[in-house]
Amino acid sequence: MRKNIQDFQGMKEAGIKISMLTAYDASMSSLLSECGTDMLLVGDSLGMVVLGYDSTVPVTMEQMVHHASAVRRGAADIFVVGDMPFGSYQTGSRDAINNGLKFIKESDCDAVKLEGGQEVCEVVSALVRSGISVMGHLGLTPQTASQLGGYKVQGKELPAAEKMVADARALQDAGVFAIVLECVPEELATLISKDLKIPTIGIGAGAGCDGQVLVINDMLGMFEKFTPKFVKQYAKLAPLMKQGVQEYLAEVKSGTFPAAEQGFSCATDYSSIFREEE
Ligand code: KIV
């Protein structure tokens, strides 16, 4: 059954960890839903993982809605969060509401996620007032990674940690139902999780968060070039996928694929079609 925001709040209060994974298409969302994942994120990591961009910055609303709709078609019974792409909410509450409504109406997402702290609280409140549930995202915020000096752990020094705590409290006051903490020292993420009433979902933020999220392609080992330190690979699919593809290629070349069992056969005599006309 599709969980809701109250369920996630109840899980935090009962000390039950929340499991979240990213998904970008229907076949994956169906599989993750069957496994019992609590919620899915159609992350703007889509840009890097699926669309081949160097960062999440170029991703558009149209691309997000396209993939989020596929995720929903694959899994009706799971809570889905759609990631608001860069440029879809920074221009003010009116644009944010229009784009948030587009997400919810066209892809049937349950909530949207956006990056930032106190600077986005006005937009968060406006979205929540419009009936759109919002998840926050603090720490390493990939859309503005260049302002953070790259893809680095955030909140190591006291002033940055104080700001993150203030941002988390402000987001909670603005009405977010949960906050992703990305690349945050475990000690700080644990303290923030205890301080907040709402759940935190960690990625590279240690075991003290109320839930965890990973990019599905990373945790299944579908990508071999680079694995972030915070990723645990629960499978190594890339070598298996390559092995399967190489076997197929060899069998196509040798003519052993397709075999009789993969074909269709019938008793019709077709030879009259090819008989030379007299
Ligand atoms: O875009 C994404 O996949 C994310 C997660 C890494 C939290 O924002």
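Select Lys12 first: in this predicted model its relative accessibility is 15%, so Lys12 counts as buried, the cut-off being under 20%. Lys12 belongs to helix α1, which covers residues 5-14. Now show what surrounds this side chain. Leaving aside residues up to four places away in sequence, Lys12 touches Ser193, Leu196, Lys197, Ile198, Pro199 and Asp210.

Next, display the strands. Eight of them form a closed barrel in the order β1-β2-β3-β4-β5-β6-β7-β8, and the pairing is parallel. On average, and with direction ignored, neighbouring strands of this sheet are turned by 25° against each other.

Helix α5, residues 93-107, touches β3 (79-83) and β4 (111-113). The direction of α5 makes about 130° with that of β4. Helix α7, residues 158-174, touches β5 (134-139) and β6, and its direction makes about 175° with that of β5.

Stay with α5 and β4 and select Asp108, in the loop between them. Its phi is near 60°, a positive value in a residue other than glycine. Asp108 has a relative accessible area of 37% and is partly exposed.

Cys183 also has a positive phi, near 50°, and is likewise a residue other than glycine. Find Cys183 in the loop between β6 and α8 (186-195). Is Cys183 buried or exposed? With a relative accessibility of 9%, Cys183 counts as buried.

Now turn to a pair of helices, α2 (residues 26-34) and α4 (residues 61-74). Their axes come within 7 Å and cross at roughly 45°. That angle makes α2 oblique to α4. The crossing of the two helices is right-handed. Which residues meet here? On the α2 side select Ala26, Ser29 and Ser30; on the α4 side they meet Ala70, Val71 and Gly74. The residues of this contact divide into three nonpolar, three polar and no charged.

Finish at Pro258, which sits in the loop between α10 (237-254) and α11 (271-274). Show the backbone here: the peptide bond that joins Phe257 and Pro258 is cis, with omega about 0°.

How values were computed
Residues numbered from 1 in each chain as written. Predicted model: local features only at pLDDT ≥ 70, side-chain atom pairs only at ≥ 80, totals over all residues. Heavy atoms only, no water. Axes fitted to C-alpha atoms, helices over the stretch in contact; angles between N-to-C directions. Helix = DSSP H or I, 4+ residues; strand = E, 2+ residues; numbered from the N terminus. Parallel < 35°, antiparallel > 145°, perpendicular 65-115°, else oblique. Left-handed = near helix turned anticlockwise from the far one by under 90°. Contact = heavy atoms within 4.5 Å. Nonpolar A, V, L, I, M, F, W, Y, C, P; charged D, E, K, R; others polar. Pairing = 2+ DSSP bridges. Buried < 20%, exposed > 50% of the residue type's maximum accessible area, 1.4 Å probe, protein only.
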